[in-house]
Amino acid sequence: MKRTVLFWLVTGLVGFAVLPWHMTDAGFLSFEWLTDGAPSSGLWLAMSGHWWLAPIGMLLIAAIAVVLTMKSPVQRAKTTLGLAALGLAWTALQGLIVVRAGPRLFENMLTSETITAGQPGMGVGAAICITGLLFALTVSMSQTGKGRGDAFVVSTIGLIIALVGVFVFFPVMHILIQAFEVKDGYSLTSFFPRFFSSDIWGLRCLVSDRSCGVAINSVFLATLTGLGTTLLGLSFALIFTRTDFRAKKLLRVLTVIPIITPPFVIGLALILLFGRNGTVTAFAAELFGMEKTRWLYGFWGVYIAQLLSFTPIAFLVLIGVVQGVSPSMEEASQTLDADRWQTFRYVSLPLMRPGLANAFLLGFIESLADFGNPLVLGSGYSVLSTDIFFAIVGTVADPAKAAILAIALLTLTLSAFLLQRMWLGQKSYATITGKADSGQNASLSPMVKNLCYATALPWAALTAVVYSMIVFGSFVKLWGYNHSFTFDHYIRAFGIDFTTGRFTGVAWDSYFTTLTISSIAAPLTALVGLSTAYLLVRQQFAGKDVFEFSTMLSFAIPGTVIGVSYIMAFNFPPVELTGTGIILIIVFVFRNMPVGVRGGIAAMSQLDKSLDEASITLGANSFTTVRRVILPLMGPAILAALTYSFVRAITSVSAVIFLVSAKHNMATSFIVGRVENGEFGLAIAYSAVLIITMLAVILLLQLLVGSRRLRRTDRVQSAA
């Protein structure tokens, strides 16, 4: 422990004394040299007039001296903890006060010319210094007895709290605080009348033909979406794990493909199928003499589009949970003379409750935060996400209204989160104990099996039709009007001059940028999400419930709000990231992290804690236990986190559209630009290439992660 603390303190001192403290125009990692040839490290700047940096180095040196000289381990740990905490606080405070545009805090007190000139955002030296101070603090805290003395657990908690605080709470607070803003400053009394207005919470649709408030509309849509996606996801998971359905590979593709669809494509495909002049609508009108209607525009169109979009998330969460149900429990039920329906109803289904609860919560929150489908198909059905979007980018911008609506959305998310916790209760759902288990999973009763087929297969057929239309649209001149066959869209987007070896297509730059950023963001998202799930399921610490809800915060807020809040927070010191690729990676990691968290919680809830205890009894520490015992049993959750984070990094539009730059243009912003210009063929061709790319990556991830082996053979009892 002493060596570990010393290592992190020395690392922090190196970051302060050697590496560049500030960012430069060349980027975050660039090494700027001053006019006299000296390096721009924190130490040199402190000696050159930036006196406010000197206490950081002094605190690091003092902490190192304490570690080397103080004999009492407990007293040494407490002193080092205090010095590291003071160093972190001072680093953050000086970064917030002394900024390039002049001090924002204590303006009247700080009159020095050097301070007034300000300083740029923090660079790589500051980042390494802060990291060293943070881990010195957490390791010292574990030495004082916190977290049962487990440095790995305490350090992981500290790291995730710091990351969530900086990259979730800090930017979100920038926009939410505007809900209390008035002309003369801030007012709490003016907030409540606007928050509880009938436009948000009105129930007039129950007693008249008028529409309800946007929050009520959102709750109704999100509840039905959560129920629908959970039911469909469970049906697909049961077909995969408990039946001998022959076309499982094709069905697997159809269950995953909707989440790899770029923005607006599902909405366009549904319009061309079921819109007023759509293919199916025209065929039904001609065959049955029905009048063409605009039924697709409104609640039902948004609901169908959201079911298509979010069912794969429920499936990815539930398939690992269904696989984790122990055959021995089902065999015990049948030994006690229960039939297959009773076994499923009273044994299997209750053990799937964590997966069902997390699948519903994800579907509910995704529906609340979705703005692409309501924007295309919503028509007169207003929801919170679209109203927030128009309040930010509309002709008359109203940031205060957007902030109030965002708080209403967070209120709904918190309510759903609390209801989920109440439903799960304190029961144990562990079925994987490490003991030998070579039994057979009970086959589904004919009723359940037929119900799964009747639910999932028609939906898979609809998915196939929708995506056939997307592929068809990429090979015609003008989708919906001129269906002449052509390759022009692909040539224009992805053309290659083979004589010179140049990529001449207009989409190549955004394509390569998107793949690079997504490939970096995906493993980071999975790592942060599953680490958080491990802490929530396996560890007990103060404020755990608040910590769990905070991990859902970025997922609950619409991407438009996240994008604007990131611009407001990171467009100036102490953290300047706007226009860089780093800000795109960060927004993807913390926007998509909750899927890894919920999937990890659902899968880890089935792992009995005796596995951890046995590993620790045999001399392994927590890190080794996670690496050698828990991770091999988390295959489905790892695959779900990697898959979802990778494809969402490619297909996300709401947050990205505010953060892209000329140097880092993403595929979704390119597609949106083509749609706005009426170049639907080019947009659909690009979407088709992205879909194929993501399918290939998902298959590769499946091979790399592999399948989870819970027993020697995964067998299902025959119907007999």
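Let me start with Val383, which touches Val214, Asn217, Ser218, Leu221 and Pro374 when residues up to four places away in sequence are not counted, a contact being heavy atoms within 4.5 Å. Please keep in mind that this is a predicted model, in which local features need pLDDT of at least 70 and side-chain atom pairs count only at pLDDT 80 or more, while totals for chains, interfaces and linings use all residues. Residues are numbered from 1 along each chain as its sequence is written, and side-chain values use heavy atoms, with hydrogens and water left out.

Val383 lies in the loop between α18 (372–377) and α19 (384–393), where helices are DSSP runs of H or I with at least four residues, numbered from the N terminus. With 5% relative accessibility, Val383 counts as buried, a word that stands for under 20% relative accessible area, whereas exposed stands for over 50%, with partly exposed in between (1.4 Å probe, protein chains only). Val383 and Cys212 are 171 residues apart in sequence, and their C-alpha atoms are 9.9 Å apart in space.

Turning to another residue, Phe283 belongs to helix α13 (residues 279–288), and because its relative accessibility is 55%, Phe283 counts as exposed.

As for the neighbouring topic of helix packing, the axes of α12 (residues 265–274) and α13 come within 3 Å and cross at roughly 15 degrees, the axes being lines fitted to C-alpha atoms over the stretch in contact, with angles running from 0 to 180 degrees between N-to-C directions. The contact involves Leu272, Leu273 and Phe274 of α12, together with Thr279, Val280 and Thr281 of α13.

Note on methods
Helices (H or I, at least four residues) and strands (E, at least two) are DSSP runs, numbered from the N terminus.
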